[in-house]
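Colleague: Could you walk me through the charged side chains here? I would like to go pair by pair.

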Amino acid sequence: MTPKQQYEARKAERAKLKDLDYQTRQRSEQLMTLDMLDRFVTAAERIADALEKPQVSASNLTFDPNSGYVS
């Protein structure tokens, strides 16, 4: 192999690695985006669950002076 052919082979290998690095970085960014979306959906589901639970109002609370607890 001549020096020019060796150079061209190394250049092609670097281009291949650069493309692979770009694809890997894109996948990594997509995974981070999906992870953030998953966290957002989980938080939204928790908020929805909390809103669906019956609300406790102050008028329904009673204080037991003997125990000191509010029920």
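Colleague: Glad to have it on screen. In which helix do Arg39 and Asp35 both lie?

Modeller: A word on the source before that: this is a predicted model, in which local features need pLDDT of at least 70 and side-chain atom pairs count only at pLDDT 80 or more, while totals for chains, interfaces and linings use all residues. Residues are numbered from 1 along each chain as its sequence is written, and side-chain values use heavy atoms, with hydrogens and water left out. Helices here are DSSP runs of H or I with at least four residues, numbered from the N terminus. Arg39 and Asp35 are four residues apart, about one turn of the helix, and both lie in helix 1.

Colleague: Thanks! What is the N to O distance where the side chains of Arg39 and Asp35 meet?

Modeller: A salt bridge means a side-chain nitrogen of Lys or Arg within 4 Å of a carboxyl oxygen of Asp or Glu. The side chains of Arg39 and Asp35 meet in such a bridge, with an N to O distance of 3.3 Å.

Colleague: Is Arg39 exposed or buried?

Modeller: Buried is under 20% relative accessible area, exposed is over 50%, and partly exposed is in between (1.4 Å probe, protein chains only). Arg39 has a relative accessible area of 58%, so Arg39 is exposed.

Colleague: Which residue forms a salt bridge with Asp21?

Modeller: Look four residues away in helix 1, about one turn of the helix. The closest N and O atoms are 2.5 Å apart. Asp21 is partly exposed at 40% relative accessibility, and the partner, partly exposed at 46%, is Arg25.

Colleague: And about how many helical turns separate Lys16 and Glu13?

Modeller: Their side chains meet in a salt bridge at 3.9 Å, N to O. Lys16 is exposed at 55%, whereas Glu13 is partly exposed at 39%. Because Lys16 and Glu13 are three residues apart in helix 1, the separation is about one helical turn.

Colleague: Last one: what is the relative accessible area of Asp49?

Modeller: Asp49 sits in helix 1, which spans residues 3-52. Asp49 is partly exposed, and its relative accessible area is 45%.

Definitions and conventions
Helix = DSSP H or I, 4+ residues; strand = E, 2+ residues; numbered from the N terminus.
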